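Colleague: I have a model open and want to learn how to read it. Where do we begin?

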Amino acid sequence: MDYKFPIIKTETPKAKPDETKLGFGKYYTDHMFFMEYDEGKGWHDGRVMPYGNLVLDPAAATLHYAQMSFEGLKAYRKPDGNINLFRPDMNAKRMINSNIRLSIPTIDEELFVAAVKALVDVDKDWVPSEPGTSLYIRPFIISPEVSMAVHPASKYWFIIILSPVAAYYEANNAGLTASHIWVEEEYIRAAIGGTGFAKCGGNYAGAMIASSAAQKQGCDEVLWLDAKEHKFVEEVGTSNAFFLIGDTVVTSSLTGSILPGVTRDSCIQLLKKWGYKVDERRLPLEEVLEAAKTGELKEAWATGTACVVSPIGLLKYRGEEHTINGDKVGELSQKLYDAIYGMQTGIIEPEMEGWVVEI
Ligand SMILES: *Cc1c(COP(=O)(O)O)cnc(C)c1O
């Protein structure tokens, strides 16, 4: 199906920010995508309209019981000036799964991707071109329904907003740096049967306390363990975790408490194509620490849309520090970063068919 949306242009376009001082989530573009859902009518009236405040009743359902879902992807400026999206179909599919879990009506994959493309196209002058910068795309669904009753709402809004963002590794002139990770034993992020595999605000609200605890320990982020036994490694902050042990790359299998990252999947597919052994399984923390001790643990890294690949140089567990790869950026982490970032930004030819979508 070919989706076309009305475009209502702003009459007061904003000044574009300095591309060398973008930060994250500080600036928003001139337009947003807005679509409504009403029970019996389905999703309707998708349009691109001026960016602006929402009017919500204080009793709006989302504000009370957090019935909401979101996505995160990016648009990249290519050297030839055109704009790339990276695997937006994966975000569309994931939002369907998040919505099902959260009793929110789903949005067709084609409609989701068409909405993203339509909005980015209208605000294409906002896609920055400084090295490492990009246009962050945030689709999300909330319910404006006036109801404090605990049941799925019958009205929803699907909104997409755009924010030009700085390079993740800006401080180091777009070069990777190794991060220090605190192994969290008290709090958990997600339990099997819960909402860990869905991208929803509640997961994030409950996780912030642990990130703060990690920072108090002098670390950058937290390594989550499984909820039941606190024995298996799950994710790093809001990123998926990978460990190169011997000649095998190990990452947690999608047990239900793991968020199926698009970058995670991209790493797995690339590694397999390059001839690496990739093991998706439950990985005991003890095995990781033992491998760090013997030197079998060659590298570790986290993956996500924001950082692409974030090498891990140190794990702090019960006051003890376990260094990985001399606290330096590993070869394979760098190779994965270069391949994925290169494809996203059009610096290199896409190695995988269908991953890069030009607008
Ligand atoms: C979004 C997210 C990721 C990374 O997913 P990408 O699609 O690679 O950006 C990993 N873990 C959690 C908990 C997340 O919310």
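Modeller: The expected span of a helix is 1.5 Å times one less than its number of residues. Now some ground rules. This model is predicted: local features need pLDDT of at least 70, side-chain atom pairs count only at pLDDT 80 or more, and totals for chains, interfaces and linings use all residues. Residues are numbered from 1 along each chain as its sequence is written, and side-chain values use heavy atoms, with hydrogens and water left out.

Colleague: How many residues does helix H2 have, and what does it reach from its first C-alpha to its last?

Modeller: Helix H2 covers residues 88-101, which is 14 residues. It reaches 20 Å, close to the 20 Å expected at 1.5 Å a residue. Just after H2, Ser103 takes a positive phi of about 55°.

Colleague: Which residues of H2 are buried?

Modeller: Buried means under 20% relative accessible area, exposed over 50%, and partly exposed in between, with a 1.4 Å probe and protein chains only. In H2 the buried residues are Pro88, Asn91, Ala92, Arg94, Met95, Ser98 and Asn99. They cover an arc of only 165° around the axis, so they sit on the same side of H2. The arc is that of the directions from the helix axis to the C-beta atoms.

Colleague: How many residues surround the ligand?

Modeller: A residue is near a molecule if one of its heavy atoms lies within 4 Å of it. Here 14 residues surround the ligand, and the closest are Lys199, Tyr204, Glu235, Thr263 and Thr305.

Colleague: Which side chains have an N or O atom facing a ligand atom, and at what distance?

Modeller: For Glu235, the distance to a ligand nitrogen is 2.5 Å. For Thr305, it is 2.6 Å to a ligand oxygen. Taken alone, the ligand exposes 380 Å², and the protein buries 96% of that. Strand S11 (239-245) and helix H5 (262-273) are the elements that give two or more residues to the shell.

Colleague: Is His44 buried or exposed?

Modeller: His44 is found in strand S2 (residues 42-50). It is buried, because its relative accessible area is 12%. Gly346 is partly exposed, at 25%.

Methods:
Helix = DSSP H or I, 4+ residues; strand = E, 2+ residues; numbered from the N terminus. Polar contact = N/O pair within 3.5 Å; in protein donor to acceptor, adjacent residues only side chain to side chain. Areas by Shrake-Rupley, 256 points an atom, 1.4 Å probe, with all protein chains shown as cover.
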